[in-house]
Amino acid sequence: MDETSTDTKIATSKDLENQTKTAEQTLAEEEQRFRAAPKLSRSPFHGLWALTNRDLRKWYTNPIQLFVSLIQPIIWLGLFGKALNFGSFIAGSGASVAQQDIILKNFFGTTSYFSFLSCGMLAFIVLFTSAFSGMSVVFDRRFGFLNKALSTPVARGSIVMAKILNSVGRSLIQAAIVLVIAVALGMDTSHFTILGIAGAFLIIFLMAVGLSALFTVLALRSADWQTQMAIINLLNLPLLFASNALFPVKIMPAWLQDVVKVNPVSYAVDGIRQVLIGAIGMNSLWLDFAVVIGFAVILSAIGIVLSWRLLSK
Amino acid sequence: MSTNKIETSTSNIITVENLSKTFGSLKAVDNVSFNIKEGEIFGFLGPNGAGKTTTINMLTTLLKPTSGKAVVCGFSIFKDPNEVRRSVGVVPQEYTADEDMTGINNILLCADLYGMPRKDSKAHAKELLQLVELEDAANRKVSTYSGGMRRRLELACGLINYPKLLFLDEPTLGLDVQTRTAVWKYIKTLKEEFRMTLFLTTHYLEEADSLCDRIGIIDHGHLVKIGSPEELKESVGGDVMVVDVKENEPDISSDIAMIQLVKGVKKQDNVYRIKANDGEEAAPQIIDLIRSKGMHVTRISLTKPTLDEAYLELTGRNLREEEVDKLQMFRQRATMRRARS
């Protein structure tokens with residue numbers, strides 16, 4: 001009796017050994033098949049560049065998209081800007097050249113309407129590029145990529161920031177191309193300085209951040225691209241026309257002048273004109289910068305705060 | 001940084017207590033409680049709009065529950081959502097891969113979202129592509145992939161962070177038989193070789209039957225029943241045997257009913273219809289009994305209850321025409337279309 005029971009005991013302990021061995025073997029096999037798991041980064045910014053580059057890649061690997069997005073400002077500059085030759089209005093008035101310059105400077109802050117409009121076009125391309133920054137949020141939600149990103153530990157704010165950075169990147173490059181085209185078409189370059197150009201692009205950067213944040217926030221909850229398109233159209237044209245981008249404020253009716261003065265786009269355009277073509281500004285350059293900085297900071301802060309709340313239900 | 005790991009005494013990898021989610025007046029998930037053991041394949045079975053995806057979305061921290069408690073991989077989904085996200089893998093119902101990117105770049109993007117260093121993620125992405133047999137297509141754009149390849153890529157993306165627990169939402173929706181079989185094979189490999197725990201939802205009954213260790217049937221947001229496929233089938237009433245005997249032999253129904261495993265006997269003409277708990281074991285006993293009475297069995301057949309019957313009995317036979325979430329329906333249709341492309 002005793003002997004048999006010891007036998008069984010030995011057998012069981014052997015069995016146990018075998019079992020542990022097989023478990024170890026499987027573990028070894030597993031390690032062979034897959035490498036050991038690495039440590040994951042806990043930086044709050046991990047994944048930000050990956051998400052930004054995902055969107056930017058769609059654009060830089062598709063030159064047609066870039067080309068099409070530039071056609072509109074070229075048409076505005078080449079056709080609208082050249083056709084609306086304010087200079088010739090006054091040229092027939094019988095006033096002397098010096099008097100004409102005074103009149104033009106009084107309205108446009110500069111003697112060349114084309115240069116005046118070129119600065120407005122830099123803001124225009126930023127406005128229209130930023131307006132579509134929310135569109136990819138809508139598609140990401142619709143096709144499930146957003147949920148997938150939300151199921152990873154990537155910061156919710158990074159998801160929104162990536163959309164903003166993507167459209168800021170596009171805006172900067174497209175604005176640079178528009179500027180080159182404008183110069184080629186006859187924009188006044190006599191006031192160009194390196195500091196001035198840097199200042200203009202700083203303003204463009206800040207305006208792109210603010211506007212992209214605005215349009216991205218508006219898209220956060222939407223899974224419906226038609227609604228988003230309607231919102232873009234609803235905001236885009238008023239932001240453009242109720243600003244000093246196309247026409248001088250001085251020729252507008254008083255009520256419209258008030259609207260222009262609360263439109264952040266006006267401050268951006270005004271600043272760009274002062275640093276780029278030495279135009280007489282609507283406001284002081286410092287006020288322009290302050291408004292544009294405030295606009296960018298406040299709207300991107302709103303974007304990040306709302307991303308925590310709105311991205312997940 | 002703060003790892004408030006909750007030590008659970010049992011080997012449960014998911015503990016759910018009274019979890020509810022309300023959208024407006026709709027109770028999508030209503031007071032659901034269940035546990036999932038480490039290493040098992042657990043399936044959520046239910047009609048469209050039953051609350052399967054809502055439950056998965058809560059457990060993967062995409063949705064905030066209205067009330068209840070849930071601990072996933074030792075972390076509370078309320079207090080430590082980021083730790084839950086780090087520990088689990090998710091394969092969503094939709095095809096979420098970016099079509100303009102190559103297969104491998106899609107996996108690397110997922111790795112970046114987990115914060116995995118590039119040198120590690122590159123090597124691991126290759127291992128995963130091998131696992132799902134996509135290494136030859138790794139550098140092709142996803143827009144050139146077939147539906148089956150896309151599904152396999154989604155699986156690889158879901159595995160990039162070495163999860164202990166993998167959620168699969170309708171992993172074989174709309175797939176052809178070959179891909180479905182392959183996906184089943186991968187799921188079994190993950191369980192057996194990598195000892196992962198898998199939580200999947202499906203409305204394909206044969207899928208739940210052949211893959212899952214345990215099944216939870218959910219309907220109208222309620223968890224109707226949990227058990228192994230066998231237990232669910234048995235709950236419907238056991239196996240059905242049809243035994244033909246020679247004509248004009250006396251009725252011994254009452255004797256057959258005396259056999260322990262037999263639950264019910266009916267005789268019509270020369271045919272016995274017998275319900276029994278364990279058909280394979282009851283059949284020889286029944287044959288022996290009939291023969292011992294000097295009678296003859298001419299034909300015998302045994303039918304096992306299917307999961308379909310259990311499912312229909314638990315969820316009712318009414319057709320479902322309820323309004324389900326529009327976005328969810330859109331995604332499901334898109335998934336089906338892409339699976340067939």
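Predicted model: local features only at pLDDT ≥ 70, side-chain atom pairs only at ≥ 80, totals over all residues.
Biologist: How many residues of chain B are in contact with chain A?
Modeller: There are 30, and they meet 30 residues of chain A.

Biologist: Which helices of chain B each supply at least two residues of that side?
Modeller: They are α2 (81–87), α3 (103–113), α4 (118–131) and α12 (326–339). The largest share, four residues, comes from α4(B).

Biologist: How do the residues on that side of chain B divide into nonpolar, polar and charged?
Modeller: The side of chain B that touches chain A has 14 nonpolar, five polar and eleven charged residues.

Biologist: Turning to helix α6 of chain B, which of its residues are buried?
Modeller: The buried ones are B:Val183, B:Ile187 and B:Leu190. They lie on the same side of α6(B) because they cover an arc of only 60° around the axis.

Biologist: What covers them?
Modeller: The cover includes β3 (41–45), α5 (147–158), β7 (165–169), β8 (197–202) and α7 (205–211) of chain B.

Biologist: And which exposed residues are on the face turned away from the buried side?
Modeller: That face of α6(B) carries B:Val177, B:Gln178, B:Thr181, B:Lys185 and B:Glu192.

Biologist: A change of topic: which residues have the most contacts inside the largest nonpolar core?
Modeller: A:Leu122, A:Ala123 and B:Ala156 do, in a core of 147 residues. Helix α10 (residues 194–219) of chain A gives the most to this core, with 13 residues.

Biologist: What does A:Leu122 touch, leaving aside residues up to four places away in sequence?
Modeller: A:Leu122 touches A:Ala175, A:Val178, A:Leu179, A:Ile204 and A:Ile272. There is also a second, separate core of 13 residues, including B:Val265, B:Tyr272, B:Ile274 and B:Ile290.

Technical notes:
Residues numbered from 1 in each chain as written. Chains lettered and ligands numbered in written order. Contact = placed C-beta atoms within 7 Å. Nonpolar A, V, L, I, M, F, W, Y, C, P; charged D, E, K, R; others polar. Buried ≥ 20, exposed ≤ 12 C-beta atoms within 10 Å, placed from the backbone. Arc of directions from axis to C-beta. Core = buried A, V, L, I, M, F, W, Y, C linked by C-beta atoms within 7 Å.
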